[in-house]
Amino acid sequence: MFEHVLSVMIFLPIVAGLILLLTPAGKGIARLTGLVISFASLILGLDIFFKFKEQAALQFVENVAWIPAWGINYHLGLDGISLFVLLAGAILLPMVYILFSTKEKGYYANLLIVQGAMAGALCAADMVLFYIFWEIMLLPIFFMLGLYGGENRIKATLKITIYTIAGSLLMLASIIYVGVTYHAQFGEWNFAISQMSQLQLAGPVAVLAFFGFMIAFAIKIPLFPFHTWLPDAYTEAPTATTFVLSAIMAKIGVYAVIRFVVPVFDGEFARFALLLAYSGVIGMMYCGITAIAQKDIKRMLAFSSASHMGIIALGVFCLNVQALTGSIYQIVAHATSTGVLFLFVGIIEDKMKTRQIKDLGGIAYKAPVFAFFFAVAMLASVGLPGTSGFIGEFLIILGAIKFNVVIGVLAGTTLIIGVCYMLWMFQRVFFEKTNDRTEGFTDLSIKEGLTFLPVIVLIVVMGLYPQPFLSKIEPAAQQLIASVTKADSMQIAQSTHAQQSDGHTVEKKN
Amino acid sequence: MLTDGLFILFTVFAVTGAAGLVLFKHPMNGAMSFLVTLISLAGLYALLSAKLIFAIQLMVYAGAIMSFIIFVIMFLNIQEEDLPIEEGRFKYLIGGVIIVAPIGLFLSRVIKSFPGADAIITVEGFGEIKEVGLLLFREWLLRFEIVSILLLVSLVGAVVLAGTRRIAK
Amino acid sequence: MIQSYLTVSILLFCIGIVGVISRRNVFTVFMSIELMLNAANLAFVTFARLHQTMDGHVLALIVMAVAAAEAGLALAVVILLHKHKGQLDTNVFSLLKG
Amino acid sequence: MEHNVTFLGYIPLLPLIGAAVLGFLHIGTCNRKPLNEKLYGLIACVGPVLAFVLALRVFLTLKGMPEEARYLSQKAFTWFQVGELDITMGFLADPLSSLMLVFVTLIGSLIHIYSIGYMEGDKNIGKFFAYLNLFVGSMLILVLGDNPVVMFVGWEGVGLCSYLLISFYSEETNNVLAGNKAFIVNRIGDLGFVLGMAFLFWAIGAGGFDFFSLKANAHSLTPGIALAVCLLLFVGATGKSAQIPLYVWLPDAMAGPTPVSALIHAATMVTAGVYMVARFSFIYAHVPVAGEIVAWIGILTALLAAIFAMFQDDIKKILAYSTVSQLGYMFAGVGVAAYSAGIFHVFTHAFFKALLFLGAGAIIYAMHHEQNIWKMGGLKNKMPKTYITMLIGALALAGCPPFAGFFSKDEILFSTLATGHYGIWAIGVLVAGMTAFYTFRMIFVVFHGEPRDQEAYDHCHEAPAVMTVPLIILAVGALFAGFLNLPAIFGGNQLVSHWLAPSLVEHHPHVSIFIEIIAIGASVAAFVVGIRIAYKRFAVGAEEPQFSGFCKFAYHKFYIDELYDGVFVQPYKKIGNAIRKTIEPSVTDAPVTLASKLYMVIGTAFKVFQVGYVRVYAIYMIVGLSLMSLLLSQSLN
């Protein structure tokens with residue numbers, strides 16, 4: 001269609017959001033603007049999806065010099081990995097504007113800005129550009145959480161601020177280190193990600209820089225033990241913010257690991273993969289077990305989300321193409337299922353004025369459509385075959401077994417842990433007897449039903465016919481794995497005479 | 001030799017006056033002592049061939065500002081019992097001297113690096129009203145105007161601060 | 001010669017500092033500040049002589065104007081404080097306490 | 001003969017479409033004006049019946065093929081393909097799956113018809129039939145899957161339906177809890193299945209992951225991996241087929257409507273584990289140790305469940321434990337590599353156990369949802385058709401020759417004896433006696449003697465034809481199904497075993513006829529002894545007994561449910577609560593709390609300097625200047 005499609009996807013929402021904030025527009029206009037622009041993004045996203053070729057290389061590239069003295073470029077591009085995260089956001093965000101029609105102007109404006117910034121972070125092919133979008137992405141979240149959140153919003157905002165700022169600064173330091181190293185090795189300034197894989201990084205500083213990146217992304221994902229901001233933030237944030245945080249922003253953390261850490265720090269990544277994998281799998285189990293004890297549905301879903309993010313991150317750390325592909329697939333699957341679940345909880349909260357599980361019950365009799373949709377999303381989230389959740393989880397477990405048997409078996413327990421808390425919650429909210437409060441629960445209106453229907457259908461379609469998606473992901477995943485295993489074998493070759501006992505190197509069975 | 005003699009004279013007066021300012025308990029005495037310093041400084045300016053500054057120092061500083069200060073002191077009609085009780089005044093002063101001494105020593109060591117010789121005046125009309133005026137209104141015009149705004153602001157500020165009660169009535 | 005004038009300037013300046021930090025009488029403190037300004041003026045004029053330019057004189061003029069403005073404001077504040085507290089002790093005014 | 005066909009996919013698809021249609025109709029109308037119940041029943045029956053017709057077609061097509069090339073397959077589409085992993089959504093019909101196919105669709109159809117009568121008047125009948133159709137579809141996917149992953153889809157699908165149907169009466173907390181229990185326990189098994197698949201894939205999956213390729217490559221498995229795969233898959237089987245230690249969900253699953261218990265929890269779903277082990281016989285045949293473990297766990301489950309069944313007083317619970325016990329037999333059979341015997345028992349068991357459950361359903365229906373056998377009695381006069389059919393079922397279950405159960409059970413016991421597993425055989429014979437005992441305890445208490453609850457007895461009536469006709473059809477099956485695999489000693493030629501032979505990897509040991517006679521004699525003797533004790537104790541005027549000692553212990557099922565609750569469930573919840581109450585706020589929050597505390601401490605420390613006197617601030621400044629001067633003087637020289 002036209003060549004600056006990515007820039008349009010980034011800046012259309014940002015500019016619209018800023019204009020809304022600066023002008024005295026009313027709520028209605030703000031919502032309408034958001035709706036129109038998010039639909040425009042959706043159409044652009046679908047257009048990109050269908051034009052996307054099944055290759056590993058970056059596509060839709062835009063590259064303009066920005067700060068030439070430092071080699072910083074306005075460099076955008078998409079590959080199979082970022083495409084799906086971008087698409088998930090484009091598909092899911094219009095729902096927010098349709099479903100939540102009575103919010104403040106700033107709510108919609110911030111949502112627009114965050115949408116554009118997320119697209120920017122996903123498309124950025126330059127580290128500095130990525131960092132800038134990464135930071136912009138956080139600002140609207142602070143405002144939405146701090147202004148429109150629940151009772152303990154200030155505490156939650158403070159917590160997320162401390163955490164993410166700490167992470168961001170570490171990442172900035174690491175970016176600068178990488179840039180300086182590039183300058184030292186190649187004699188010119190450059191921050192393009194594609195160039196960084198040529199770097200020879202070694203020594204303790206490289207390890208520090210690696211952990212700088214990893215901690216920043218681990219906070220965002222969030223990986224155990226950096227997850228503590230998540231329950232508070234997810235619970236206190238207004239529904240749309242929780243939705244954005246869980247469905248897309250957390251995924252950008254995983255995406256960033258794949259995009260930045262894996263190619264640049266291939267050696268370090270392979271060395272610490274086992275440690276990180278344990279972190280992912282322990283986080284999965286820990287958050288899953290914690291979820292069962294929660295009394296608030298939203299908080300329970302927050303822990304559930306963290307639990308799933310642990311398994312998604314694990315897929316990245318397993319260093320094989322099945323797990324990595326599964327991980328990226330699961331990103332989209334989880335975005336749809338958990339995102340929709342958070343929206344459902346938002347609807348329950350709007351209707352019942354409570355999120356406490358004990359105050360609910362018997363909703364299924366009053367609202368069969370709602371219960372059916374909720375059940376489909378829930379089953380996708382627990383990975384039932386035939387829904388989108390299964391493909392990703394299966395591939396990740398398969399890859400994890402290859403990577404390390406213990407990790408694989410532990411990762412498999414997600415099958416059990418997930419159903420425990422989900423079914424118990426479903427029982428207490430949707431089954432059992434109705435009470436005075438839920439007696440008045442009304443089913444989804446036709447508008448709401450039609451809003452959710454495409455996503456529910458997508459969940460099932462992605463479970464039954466995932467191949468069109470997988471074939472777009474796989475080439476990029478293959479390329480990444482090839483680069484890591486190459487570095488890995490190089491490292492092994494180097495360490496043959498020096499130290500054989502480096503237990504962190506990947507255990508290979510094939 | 002006359003200039004040297006005058007220099008020593010003015011210096012002694014200036015320093016003594018300054019010391020008096022710090023040492024006298026009553027501000028009125030201090031103000032009088034400070035006046036001596038200001039006049040001596042005017043003398044020093046004259047010795048440095050700064051004719052305009054000499055005049056302004058005498059008229060504006062020693063004349064206007066000091067009389068303003070003295071006027072306020074007298075206006076407040078300060079009695080002995082109104083004064084703050086400064087029991088250990090001299091102890092504090094000695095402490096102050098000890099703290100400040102390194103600064104003075106350091107600065108005096110810096111000065112040693114300057115040329116010690118008498119700077120002979122080569123510029124035509126150095127320090128004359130006309131020359132300084134030309135400089136002031138040509139190269140320093142903008143800053144001069146800013147100072148005038150500052151004065152205006154302080155005027156308004158003073159009125160607002162000190163005149164609150166009257167305006168309120 | 002230049003060194004001698006600068007030495008005088010330093011001496012006056014240091015006396016000014018001592019006055020500011022060891023006295024509690026508002027007027028004395030205020031006049032000590034004026035003393036420091038004058039010491040600076042002397043340095044300006046001395047350097048003007050050293051460099052054979054009259055910019056130092058202009059600066060001295062400006063300093064005097066600022067001193068006048070400061071005197072106007074500061075005395076207004078002193079009057080106000082005296083009205084409020086009936087005191088001239090700087091230790092009475094501790095609004096900045098954390 | 002062409003192997004690739006296009007109609008296999010329709011077999012599961014038809015019930016699934018039925019489920020979708022019913023589901024939409026139900027959701028669309030349930031809170032407004034409900035549709036006619038008969039309409040739901042009619043739509044529901046279409047899918048399974050058509051599937052049955054197709055299944056027969058498959059069966060006949062296979063029959064017309066040469067014995068060694070009997071298979072049909074359909075590769076619908078590439079499901080997912082990543083790296084060397086290539087999973088096709090494909091279906092496979094070979095003798096093994098065609099046998100399963102025929103009886104699943106047959107019994108499924110019968111139970112659908114029966115349900116029209118049983119579920120009459122329930123306002124959620126649409127939902128019920130939707131789930132039931134979904135179940136049949138999933139079960140057919142399980143049976144037809146041409147690779148383990150497709151099989152797993154059905155595997156989990158039937159688990160989901162089981163959950164939905166157990167908690168069908170979802171207003172009662174206990175029913176939903178039973179459903180949760182079933183799903184979660186099944187999930188534990190599914191973990192084993194997934195892990196088994198993963199191991200299998202990384203060992204030999206690169207050459208193709210469908211059953212044909214796996215069978216061809218099975219010889220290259222190392223013994224260790226093969227054992228691991230077998231045991232992990234068997235964990236899956238114990239979950240689905242209710243074996244030790246994961247059998248606990250099945251008795252609770254009786255909370256669902258009775259047709260569900262008959263279809264899912266007796267005839268079809270629970271036998272999926274046996275089917276799966278038979279399906280993977282090409283691996284199990286390589287690892288005798290795995291077979292030993294399977295057989296021992298099977299026979300111990302059979303013993304344990306039989307003990308429990310002897311002391312139950314809920315008619316459905318008796319049948320549930322009996323199912324667990326019979327499943328144990330089947331595993332004992334497949335464990336000693338007598339796969340066709342195990343599958344044959346699956347086949348016959350489906351008839352007589354479905355018959356017994358449906359009969360029990362008819363009684364419960366007639367007694368207005370009374371399930372305690374000690375509230376019944378003398379019902380044979382009121383419900384003669386039910387009585388006769390249930391008696392046939394009971395005789396088949398108890399192993400009375402020449403009913404179906406006798407031949408299949410005897411085949412298993414004979415195989416254990418023939419392969420030298422005397423311990424298993426001895427327990428098997430013991431369990432056969434116990435089976436006869438508890439089955440006839442139930443029959444005598446329910447149908448014979450005097451009515452114990454006169455009022456209920458008076459209101460009791462025979463079930464309508466829509467319920468009794470399926471009973472009669474199943475009774476015919478229970479009577480004659482056994483003859484399909486008549487062993488040579490009775491002049492038969494083991495039709496089923498020969499039919500299944502191409503799908504399985506098994507060796508028939510040649511043993512003397514003497515051993516065969518011993519096996520048959522012991523089985524018959526056990527049956528006679530069991531039924532005799534039951535007759536003596538319960539035929540006339542037995543009252544609800546009070547248990548003590550071991551009996552009480554067995555009546556409470558050895559407190560195993562309580563044990564699991566105490567060892568797994570409660571600690572799990574406790575850990576969760578502990579994390580929520582203590583670890584989350586105090587441990588993982590520590591970095592944030594510490595950071596804020598640190599700032600507070602530093603702030604408070606610096607607050608000391610903020611005395612508020614401007615003079616003091618000036619002093620700070622001057623002191624700093626002074627120190628700087630000192631420092632700078634050093635460098636001035």
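1. Let's start with two chains that stay apart: chain A and chain C do not touch, and their nearest C-alpha atoms are 24 Å apart. Here, two residues are in contact if their C-beta atoms, placed from the backbone, lie within 7 Å. Chain A has no contact with chain B either, and the closest C-alpha atoms of that pair lie 34 Å apart. There are 4 pairs of chains that touch, and the most contacts among them are between chains B and C.

2. A word on what you are looking at: this is a predicted model, in which local features need pLDDT of at least 70, side-chain atom pairs count only at pLDDT 80 or more, and totals for chains, interfaces and linings use all residues. Residues are numbered from 1 along each chain as its sequence is written, while chains are lettered from A and ligands numbered from 1 in the order in which they are written.

3. Now chain A by itself. Its secondary structure comes to 20 helices and 2 strands; helices (H or I, at least four residues) and strands (E, at least two) are DSSP runs, numbered from the N terminus. The C-alpha trace spans about 75 × 55 × 40 Å along its principal axes.

4. How much of chain A is buried? Of its 510 residues, 62% count as buried. A residue is buried if 20 or more other C-beta atoms lie within 10 Å of its own, exposed if 12 or fewer, and partly exposed in between, with C-beta atoms placed from the backbone. As for contacts in chain A with a separation of 6 or more, 81% come from residues 24 or more positions apart.

5. Chain B gives another picture. It comes to 7 helices and 0 strands, in the pattern α-α-α-α-α-α-α along the sequence. Its radius of gyration is 20 Å, well over the 15 Å that the globule rule gives for 169 residues, so chain B is more spread out than a compact globule. Its C-alpha atoms fill a box of roughly 60 × 40 × 30 Å, taken along the principal axes. In chain B, 25% of the 169 residues count as buried. Of the contacts there between residues at least 6 apart in sequence, 52% join residues at least 24 apart.

6. On to the cores. The largest nonpolar core has 444 residues, and Val261(A), Ala354(D) and Ala478(D) have the most contacts inside it. Apart from it lies another core, of 70 residues, including Ile69(B), Ala60(C), Ala74(C) and Ile619(D). A nonpolar core is a set of buried Ala, Val, Leu, Ile, Met, Phe, Trp, Tyr and Cys residues joined through C-beta atoms within 7 Å. What does Val261(A) touch, not counting residues up to four places away in sequence? The answer is Phe210(A), Phe213(A), Met214(A), Phe217(A) and Phe269(A).

7. One helix pair to look up in chain A: the axes of α2 (residues 27-51) and α4 (residues 105-123) come within 8 Å and cross at roughly 20 degrees. That makes α2(A) roughly parallel to α4(A), a label for angles under 35 degrees. Residues that meet across the pair include Ala30(A), Gly34(A) and Ile37(A) in α2(A), and Tyr108(A), Ala109(A) and Leu112(A) in α4(A).

8. Some backbone details deserve a look, since most residues other than glycine have a negative phi, and most peptide bonds are trans. A cis peptide bond joins Ile221(A) and Pro222(A), with omega about -5 degrees; Pro222(A) lies in the loop between α8 (204-220) and α9 (229-236) of chain A. The bond from Pro401(D) to Pro402(D) is also cis, with omega near 5 degrees, and Pro402(D) is in the loop between α16 (384-398) and α17 (404-418) of chain D.

9. Leu319(A) is not a glycine, yet has a positive phi of about 60 degrees. Its place is in the loop between α12 (297-317) and α13 (321-352) of chain A. Leu319(A) counts as buried because it has 25 C-beta neighbours inside 10 Å. Ser49(B) has a positive phi near 65 degrees, but with 18 C-beta neighbours inside 10 Å it counts as partly exposed.

How values were computed: Axes fitted to C-alpha atoms, helices over the stretch in contact; angles between N-to-C directions. Parallel < 35°, antiparallel > 145°, perpendicular 65-115°, else oblique. Rg over C-alpha atoms; globule rule 2.2 N^0.38 Å.
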